[in-house]
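Welcome! Have the sequence and the model open beside you as you go.

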Amino acid sequence: MNYPFEAVWMTTQTSGTPHAEALQEANPGLVTHVRHSPQGEGESRKIMWRNCDRNIREWWAGNRDLVKTDSVLFLEYDVYCNVDLRRHIAPLAKDCGIAAAKILSGLTDIRNFWPFADIPRLPLPMQALACATAPLAVLLISRAALDAVLHPLHDAVFAADIFCETRLPTVIRFEGFGVASMDLPQVVCTPQTPTFPGIWHPVKLPFSFPS
């Protein structure tokens, strides 16, 4: 059975892909790619971290012709997965552009999610549509949505310093696509130690799954 998506590891030369072997063993037919982003130091590193969604946009601009599927699964380097992704990542619904572990609304969750402080930095027409992925670690994005994100209309918003978890899904929603949450309870923002098969984030080294 083929996979409805290809996967991209988002990492740096320093971080590498420490969990790639586990993913591939559980998904031997999955096509994977690697995006090595600049590391940066000091303030520049903080800016790169805040704006890491630029790496998704830039990777798609240079590699879209290599992808054969209708969607792409973007994984941060510290995602650990030792299960068949097809059983845990459902295909995107019609007209849905992006799915993440959790989607938050800039209208109802603004007081509980600090990245929404960047909503005023978004173009005015986008601000009422603001939403966020929490976290950015596992994203399923349709190629149609990725193509829309590439439009030169969005060059300015991606050049601005806007927190990635707010900007990327908001731009996709602004383009008329739906946004959706996935059932990934172990994909969170605090360090995880996997204790059973699944999809986990963030999992730091050293780590070995219990046999």
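**Exercise 1. Find out whether Cys81 is buried or exposed, and whether its sulfur can bond to another cysteine.**

Solution. Step one is to look at accessibility. Buried means under 20% relative accessible area, exposed means over 50%, and partly exposed lies in between (1.4 Å probe, protein chains only). Cys81 has 3% relative accessibility, so Cys81 counts as buried.

Step two is to look for a partner. A disulfide is a covalent bond between the sulfur atoms of two cysteines. Here the test is a pair of cysteine sulfur atoms within 2.5 Å. For Cys81 the closest cysteine sulfur belongs to Cys189 and lies 18 Å away, which is too far for a bond.

A word on the model before we continue: it is predicted, so local features need pLDDT of at least 70 and side-chain atom pairs count only at pLDDT 80 or more, while totals for chains, interfaces and linings use all residues. Residues are numbered from 1 along each chain as its sequence is written, and side-chain values use heavy atoms, with hydrogens and water left out.

**Exercise 2. Count the disulfides, then examine Cys52.**

Solution. Start with the count: by the sulfur distance rule there are zero disulfides. Cys52 is in none, and the nearest cysteine sulfur, in Cys164, is 3.5 Å away. Next, check the cover: Cys52 is buried at a relative accessible area of 19%.

Now follow Cys164 into its helix, α7 (residues 164–174), where nine of the 11 residues are buried. Cys164 is one of these buried residues, and others include Leu168, Pro169 and Val171. Just after α7, Gly176 takes a positive phi of about 100 degrees.

**Exercise 3. Work out the strand order of the open six-stranded sheet and which strands stand at its edges.**

Solution. Helices (H or I, at least four residues) and strands (E, at least two) are DSSP runs, numbered from the N terminus. Two strands pair if DSSP finds at least two bridges between them.

Second, the order: β2-β1-β3-β8-β5-β9, with mixed pairing. At the edges are β2 (32–36) and β9 (178–181); each has a single partner strand, so one side of each has no neighbour in the sheet. From one strand to the next the twist averages 20 degrees. Axes here are lines fitted to C-alpha atoms, for helices over the stretch in contact, and angles run from 0 to 180 degrees between N-to-C directions.

Third, zoom in on β3. Strand β1 (residues 5–11) pairs with β3 (residues 71–76) in the parallel sense over six bridges, and Trp9 has Leu75 as its bridge partner. With β8, β3 runs antiparallel, joined by five bridges; there Val72 stands opposite Ile141. Five of the six residues of β3 are buried, so this strand is largely enclosed by the rest of the structure.

**Exercise 4. Describe the surroundings of Ile199.**

Solution. Locate the residue: Ile199 is in strand β10 (residues 199–200). Check its cover: Ile199 is buried, at 5% relative accessibility. Then list its contacts (heavy atoms within 4.5 Å). Beyond neighbours within four places in sequence, these include Cys81, His88, Val138 and Leu184.
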